Amino acid sequence: MNDVNQSNGPAQSQSGQEMLSVSGVVSSYGQIEVLHEIDLTIRSGEIVSLVGANGAGKSTLLMAISGLQPLDRGEMVIEGSNLRKMSPDKRVSNGIVQVPEGRQVFKDLSVHDNLRLGAYTRRQGPEVASDLQKVYARFPILEQKRNNLAGELSGGQQQMLAIGRALMARPRLLLLDEPSMGLAPLIVEEIFGIIRELKEEGMTVFLVEQNASQALALADRGYVLETGRVVLEGTGRELLSNEKVREAYLGM
C-alpha cells in the first residue's frame with residue numbers, strides 16, 4: 001500500500017483519539033473475495049472519505065462495519081470493543097449508524113414515522129422528542145412534509161430524510177454511503193454542507209462517495225480503494241493533488 005502521507009500532518013495532529021480501527025479485513029460474497037486485507041483508522045471528530053470506482057468494494061466495507069456483511073478474517077475495534085462480537089442492532093446502540101446507498105427510506109410510511117423509526121434502539125421519551133425537533137430544525141422541508149409519505153418526496157428530500165433518520169439514533173460514527181448519488185448539483189452542495197455542519201458539531205463521519213473531488217475536499221483524510229484493496233491514503237488535500245488520483249477519479 002502506498003502511503004501518501006508519510007509524516008504526521010496537521011489533520012492528524014488536530015484530530016482526536018482513534019475511534020475505529022480496521023485491520024486485515026477480508027470479506028467475500030460466496031467464493032468471491034471482495035475485500036482483501038483492508039487496514040484503515042478513523043479518529044474521533046474526523047471526516048474520512050473512501051473513494052473508488054464502482055465495484056471497488058466501498059459499500060461492502062461499510063456493510064461490514066455495520067455488521068451486515070460477514071468477515072472471513074481480520075479485526076474491527078471501536079474504542080477498544082471488538083465489533084465482531086456485536087450484533088448489528090448493538091452496533092447501532094453503540095453509535096455506529098449507516099445511511100445506506102440509495103437512501104432506502106420507508107416509502108409507505110410518513111416522514112414523521114420514518115424519523116421515529118431511527119430511534120428504535122432508544123427508550124422513547126423527552127430526549128427522542130427533543131432530537132426530533134432538532135432534525136426538523138436542521139431540515140425544515142421535512143417538518144413541512146412530516147405527514148407526507150416518504151415515497152412522495154424528491155430524491156434530495158429523501159436523502160435528507162435518510163440522514164435525519166440516522167441522526168435520530170444519536171450516531172457517534174456516521175457511515176454515509178454515496179449520499180450524492182442521483183442528485184442534482186445544487187442538492188449535492190446542500191448535502192455536503194450538512195455533512196460539514198455535522199463535523200463542526202463534533203460528529204465523526206466515514207464518507208463513501210464516487211464524487212471524489214467533493215469527498216476529498218471535505219475530508220480530513222482519505223483512502224482510495226481499488227478492487228478491494230487500499231492503494232493510497234493521505235490527507236484529503238494530498239489525495240486531491242496526487243497525480244494518480246487526479247487521472248483516475250477527477251478526470252484531470
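How many helices and strands are there in the protein chain? I was working with a predicted model, and in it I found 11 helices and 11 strands. I then looked up the radius of gyration, which is 18 Å and close to the 18 Å that the globule rule gives for 252 residues, so the chain is as compact as a globular protein of that length. For the extent of the C-alpha trace along its principal axes I noted about 50 × 40 × 40 Å.

Next I turned to burial and contacts. Buried residues make up 53% of the 252 residues, and among the contacts with a separation of 6 or more, 68% are between residues 24 or more positions apart.

I went on to helix α2, residues 58-66, where 8 of the 9 residues are buried, so the helix is largely enclosed by the rest of the structure. The buried ones I listed are K58, S59, T60, L61, L62, A64, I65 and S66. After α2 comes G67, and I noted that its phi is positive, near 90°.

Last I examined the pair formed by helix α7 (residues 155-167) and helix α8 (residues 185-200), whose axes come within 10 Å and cross at roughly 15°. That angle is under 35 degrees, and α7 and α8 are therefore roughly parallel to each other. I recorded their crossing as right-handed. On the α7 side the contact is made by G156, Q159, M160, I163 and L167, while α8 contributes I187, E190, I191 and L198. Sorting these contact residues by type, I got 6 nonpolar, 2 polar and 1 charged.

Terms used
Residues numbered from 1 in each chain as written. Predicted model: local features only at pLDDT ≥ 70, side-chain atom pairs only at ≥ 80, totals over all residues. Heavy atoms only, no water. Axes fitted to C-alpha atoms, helices over the stretch in contact; angles between N-to-C directions. Helix = DSSP H or I, 4+ residues; strand = E, 2+ residues; numbered from the N terminus. Parallel < 35°, antiparallel > 145°, perpendicular 65-115°, else oblique. Left-handed = near helix turned anticlockwise from the far one by under 90°. Contact = heavy atoms within 4.5 Å. Nonpolar A, V, L, I, M, F, W, Y, C, P; charged D, E, K, R; others polar. Buried < 20%, exposed > 50% of the residue type's maximum accessible area, 1.4 Å probe, protein only. Rg over C-alpha atoms; globule rule 2.2 N^0.38 Å.
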